[in-house]
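Student: I would like to learn how to read a two-chain model. Can we go through it feature by feature?

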Amino acid sequence: MLGVVFFLALIVQAFFPSHAQAQTSQLQEVVLGNGLKVLLLENHKSPSVTFQVWYRVGSRNEEDGKSGLSHFLEHMIFKGTSKLGPEEYSRIIAKNGGRSNAFTSADHTVYFATMSREKIGFAIDMEADRMANALLDGSYFEPEKKVIMEERRLRTEDSPTSALAEVAGAVAYTVHPYRRPVIGWMGDIQNLSREDLRSHYRSYYHPNNAFIVVVGDFSSGEILAKITSAFGGIPRGDEPPKVKVAEPLQRGERRVVLKKEAELPFLLIYYHTPNLKDPDGFALDLLSVILAGGRSSRLYQDLVYQKRIARGVEADYGGLSVDPTVFSITAQVMPDKDPAEVERALDNLITRMRSEPVSERELEKAKNQIEAGFVFGQDSIFGQAMRIGQYESAAGWRYLDSYLPGIRKVTTGDILEVTKKYLDPDRRTVGILIPIKEKNR
Amino acid sequence: MKKLIFVLVFCSLFTFVSSRAEARLTPRRSTLENGLILLTSEEKALPMVTFNLLIKAGSRYDPQGRDGLANLAARLLTYGTRNRTALQISEALDFIGAGLSTGCSEDLATVSLTLLKKDLDVGLDLLAEILTAAVFPAEEIDRQKQSVIASIKAREEEPGAIAERKFMEALFPQSPYGRPVEGTESGVQRIDRAELAQFYKQYYRPNRAILAVVGDISHQEVAERLAKSLQSWESGPAAEEAIPSASPGPASFIHVNKNLTQANIVIGHEGVPRNHPDFYAIQIMNYILGGGGFSSRLMDSVRNERGLAYSVYSLFDAEKYVGSFQIAMQTKNESAAEAIRISIEEMRRIREKGVSGEELQAAKDYLIGSFPLRLDTNRRLAGFFAQVEFFGLGLDYPDRYAELIRQVRQEDILRVAKLYLKPEKLIVVVVANQEKTGLKNKQ
């Protein structure tokens, strides 16, 4: 099938940043002649290998009226190629003792299989086939559209908190495609056509718009030979269109209320922030831990433990994204408590944190949590591969190297700085879920 | 094929030992002086240690009228000991970035702890304290009661959870296996401190517990350290316990009306306990029917062919003393009746015609091939060891597993499908907008 295979002399080795004895394997990068980047990390703690193909396409690359296209395409990729029958991919993986699936996010579409070292070749060959030869039509288009509509009902329509997150996202972003849900609006899903899928596939499923992550019990030489033989002959495609939309600066708070059948109110706040490429990303990550990492964290102590007005709180910095992102705070409101009371308590706490630095010990505690979490994360080869993929997708995997050193350098002054700069009431979107009583109980 | 230079460049530094997987899956076992069963597997790849403790202190031991006591006791373990307040415990744990959580099921209370090796002393002290010196402070009881009651309310927001709860209630009426582990609001309100302390004293005993430890520590080191830190944890009386009874409820049709876009459906009946001689044949049969993800018949007929559901599966949940069989799915209200009909048709088809040789082989290949791969993290290994001990499967279970699966024949599948799938005994639960399902009128 293929004549000559070119290897760029781009074989990079990097030690994972961690406790030196923790990680003896090395991450290697190889770029095939057709532009397909391969990231390999040997980890011999268990006899499995996880193989993931990441396409740099997600809802971020979609247009108005066509939301959900990337996710629909992900489903249809399982419907076969000229060589593979519908759903045969999953059957072959399972028959060989493996587990497989796929997911779509705003930034990427990922296909993965976890198998033994002896069998992983099946996944490699079939993924290469799917990159070039997916059929995307036949009698499975209409039933699969229905499946996706059921998926949307399950995940969003009948889930009050997801429905709130969706509508709040649509308000927090005005022009950037992050305002659209990954699964797509129901009306858009209904209107998507076979031709939409084919054109999306042609534009984005190329070796030069994808990368592979392999982690686990293999020898790099052996697996790279398999990958090269399977993918090396797929021709490079045209560069896909770039997304150049920039979200304008927010000037003034936005509020959104969702009234829906539910048992308990829910509060959500999105603050606009840069992604992890910005040096402030480290402090924002630590800030999320200081706010809600563990039962001794600020928000947990105040809202859940002392005031007993929330059942649970979370803070998350979504820095692993291609474009600027949001820092989110959510609170599950206790029965018979007013979400306004929770919001006031949150406001007071954030206001205080924007004027007084956190203690050295508090910062050290957050750093310890992140460092321990980093080691625990390596317990799972799938988790490790995900992390490498997310970094590569958002900024390049080398940012992973600077992660722990970057975290260690953050000072209490930096935390104060980013809290002031980003947790600004004028740059936030507040979403409130107001439960309504059932009509027909 | 291609003579590539890089093969030499990357030549593997690791020699692959083919028997390693089996060694990894077989823990070392010993019994401490106080009766605690200890299982360990040394995994040196990462400087971390995971503890998984099972204690026979689940909700089936709830006293009459005190539903939710076992769950509340498990939750309160980390909310105050003789030496530390709840906040001091959280501070200590968060400062070392450790994860300590407790849980409760019908049979068992669980404690899991994951920490860095260097923080072992701190973690073991805490573990010992919550097992020997929990004090159940009044204020914390109040707080946790409020929190449990809130989560009982919140559960009503999840249609799948409502369907599951209604199903278990109908399947095991008048049994702890049919009651939610969290209990009821009124039951939880009634629980007092003396009852919690008594429950803790009676059931949290080392001779009722199994501890699995996986990570960067040897069996000897764990055993020695535990002997020291758990010195004051005394064994309780070794009373024989009656095996709980749970007689299944009759076939029924249960509707819950909610303003939803989808019908959440659970249909099923009693199953078999874990030590049942047909357990493995049943698992294979169920894999083909609806347990095998994208390879299953239910997935094919309900999802792939008709587009009726995103998720559909069947499950034979085999616990120590009871078991259940369930098919669970969600479909738009209007197609609820069709989805139920097709699922029951699939049950009938496998009962009447059995499975093909090819289907049987594919199921066996998956179960045998994926067995070691499903245990690919320290956390999963620790959970697996503790379960194997609890169910009495034996240390050689990983070595025997492939043969247990391999020996099942095509006629066994037909036999167990006929015996253990019971279309005439189905309990059907539908949580949906009943006006749109049209199911209520048909009854």
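Student: Let me start with one residue. Is Gln174(B) buried or exposed?

Tutor: This is a predicted model, so keep that in mind throughout. Exposure is judged from relative accessible area, and over 50% counts as exposed. Gln174(B) has 79%, so it is exposed. It sits in the loop between helix H7 (159-171) and helix H8 (185-190) of chain B.

Student: What is the phi of Gln174(B)?

Tutor: About 55 degrees, a positive value, although Gln174(B) is not a glycine. Phe136(B) is another case: its phi is near 50 degrees, and Phe136(B) is not a glycine either.

Student: Where does Phe136(B) lie? And is Phe136(B) buried or exposed?

Tutor: Phe136(B) is in the loop between helix H5 (120-132) and helix H6 (138-155) of chain B. Under 20% relative accessible area means buried. Phe136(B) has 1%, so it counts as buried.

Student: Now a helix. Which helix of chain B holds Ala339(B)?

Tutor: Helix H13 holds Ala339(B). Glu352(B) lies in that helix too, which covers residues 336-353. Read their accessibility next. Ala339(B) is at 1% and counts as buried. Glu352(B) is at 56%, so it is exposed.

Student: Let me try chain A. Where is Tyr140(A) found?

Tutor: In the loop between helix H3 (120-133) and helix H4 (141-157) of chain A. Tyr140(A) has a relative accessible area of 25%, so it is partly exposed.

Student: What does Tyr140(A) touch, not counting residues up to four places away in sequence?

Tutor: Met76(A), Lys79(A), Pro86(A) and Asn304(B). Pro86(A) is 54 residues from Tyr140(A) in sequence, and their C-alpha atoms are 8.3 Å apart.

Student: That leads to the interface. How is its size given?

Tutor: The size of an interface is often given as the accessible area lost when the parts come together. Here chain A and chain B bury about 7,300 Å² between them. Carbon and sulfur atoms carry 56% of that area. Arg295(A), Arg308(A) and Phe376(A) supply 10% of the area that chain A buries against chain B, more than any other three residues.

Student: How many residues does each chain bring to the contact?

Tutor: Chain A brings 82 and chain B brings 79.

Student: Now the whole chains. How many helices and strands does chain A have?

Tutor: Chain A has 15 helices and 12 strands. Its radius of gyration is 23 Å, close to the 22 Å that the globule rule gives for 441 residues, so chain A is as compact as a globular protein of that length. Its C-alpha atoms fill a box of roughly 65 × 55 × 40 Å along the principal axes.

Student: What does chain B have?

Tutor: Chain B has 19 helices and 11 strands. Its radius of gyration is 24 Å, close to the 22 Å of the globule rule for 443 residues, so chain B is as compact as a globular protein of that length. The box for its C-alpha atoms is roughly 75 × 60 × 45 Å.

Conventions
Residues are numbered from 1 along each chain as its sequence is written. Chains are lettered from A and ligands numbered from 1 in the order in which they are written. This is a predicted model: local features need pLDDT of at least 70, side-chain atom pairs count only at pLDDT 80 or more; totals for chains, interfaces and linings use all residues. Side-chain values use heavy atoms; hydrogens and water are left out. Helices (H or I, at least four residues) and strands (E, at least two) are DSSP runs, numbered from the N terminus. The radius of gyration is taken over C-alpha atoms; the globule rule is 2.2 Å times the number of residues to the power 0.38. Contact means heavy atoms within 4.5 Å. Buried area is the accessible area (1.4 Å probe) that two parts lose on being put together, summed over both. Buried means under 20% relative accessible area, exposed over 50%, partly exposed in between (1.4 Å probe, protein chains only).
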